[in-house]
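Start with the whole fold, then follow one residue into it. Keep the sequence and the model side by side as you read.

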Amino acid sequence: MSDIIKLTAAEIAAKIASGELTAVQVTEAHLARIEAVDEKVHAFLHVDREGALAQARAVDEKRERGEKLGPLAGVPLALKDIFTTEGIPTTVGSKILEGWIPPYDATVTKRLKAADVVILGKTNMDEFAMGSSTENSAYGPTGNPWDLTKIPGGSGGGSSAALAAFQAPLAIGTDTGGSIRQPASVTGTVGVKPTYGGVSRYGMVAFSSSLDQGGPCARTVLDAALLHEVIAGHDPMDSTSIDAPVPAVVEAARNGSVDGMRVGVVKQFRGEGYQAGVVQRFDESVELLKSLGAEIVELDCPSFDLALSAYYLIAPSECSSNLARFDGLRYGARVGDDGTHSAEEVTSLTREAGFGPEVKRRIMLGTYALSSGYYDAYYGSAQKVRTLIKQEFERAFEQVDVIVSPTTPTTAFAIGERADDPMAMYLADLCTIPTNLAGNAAMSLPCGLAPEDNLPVGLQIIAPAMKDDRLYKVGAAVEAAFVEKWGHPLIEEAPSL
């Protein structure tokens, strides 16, 4: 089992295609790993053992019939519990959807199944994707496999922890303000936020519709690219889906190079609040890029300092609108329906019992920001700042091909450390939020361990919209250089659980 679970997704797919391994063997090895360690990690909310083995058997039957297998056929995957899955619970980490079984698959789920990817189950997350630590899950926190007393990032901490604990070689996350990249950073894995509209949002439970974006999570850049290619592409069921060819991300990941590229470093992405070890590893990454032939360009983007404030007006405003559908009448939990309460009272009682504190906080913030007399002062102003950030990215990308920064200002903090301090929690997304506001593509990949705590540090790469392939070209070059320097992938240093 230990040999199989340490393989990359690309290696697993090749061994299944050649007959060296069967999809059932691979799936059983990962299910056994989940059974062995998930009581400690708590990465999964639901494990679909029977469904996963049935998918794996179907892949093996295909190969026996001589049918051509896709590039990820038979490879197991952990799916964030925000995507609908027909016949399997989808809770979004909330009590308000406890026990809800969707009648349909999200487009991402459909595409995974069509590619013969084996879905092991649904992963833990901050309720409705609101959080940076997975502590806001109604079903309890997830531990970081590097140190189980630390957070695995959020909102997609279940997906990143599953990768770092070798419970799955692939995972799917969603990124509204950094919820793929920040968990990747603190768990020493790879996470990609595609260009907004690059991956369909149909069947992905909405938090903030103009910011939400599904994307791939993996342990290597190539694995992330292979998964990206499976889930991306136009979907007529999503009105924000981009009707254009998917950038050649796999080709870019196989041909990593930064030679002759202009790489931007934004001066706003450092300073107060940044851990010394994170800055040290980032500076070393910049020197590495220089040594690989990149030209480093200093950038000044003053409006990036306003990104956090703008985000925490726009995202709660959209969430207060989106979450209005959870009324206790149509689906999910229902409280107080005993014949003595009106429909309005049932809705109120259901929301009181079903939503957690962070979700309630953001609904109230958003409702206030959208209220009569305050709309222009708050939401309207935040949208103007968003436009300024977008324009600054456009000007920056006239000077550079990609931008790099630390993914998050610190390494993983202790579970409970910031639970009572929302502002400290929100600062975890300081470097990731500007990209969501602009709709650009971004990746986080490991760039070493911080000297002071021996925990992973992430390097963020940002590319213009629809230039996702640049992420993989730069990411693959950096990854290869680091592996050569360390003598092995960083994830191999993760403690054995």
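Of the 497 residues of the protein, 61% count as buried, meaning under 20% relative accessible area, with over 50% called exposed and values in between partly exposed (1.4 Å probe, protein chains only). This is a predicted model, where local features need pLDDT of at least 70, side-chain atom pairs count only at pLDDT 80 or more, and totals for chains, interfaces and linings use all residues. Residues are numbered from 1 along each chain as its sequence is written, and side-chain values use heavy atoms, leaving out hydrogens and water.

The protein holds 17 helices and 11 strands. These are DSSP runs, numbered from the N terminus: helices are H or I with at least four residues, strands are E with at least two. The C-alpha atoms fill a box of roughly 65 × 55 × 45 Å along the principal axes.

How far apart in sequence are the residues that touch? Take contacts between residues at least 6 apart: 76% of them join residues at least 24 apart. A contact here means heavy atoms within 4.5 Å.

Now zoom in on Pro 183. This residue is found in helix α7, which spans residues 181-187. Is Pro 183 buried or exposed? Pro 183 is buried because its relative accessible area is 1%. Leaving aside residues up to four places away in sequence, Pro 183 touches several others, including Pro 152, Gly 153, Gly 154 and Ser 160. Gly 154 lies 29 residues from Pro 183 along the chain, yet their C-alpha atoms are separated by 5.6 Å.
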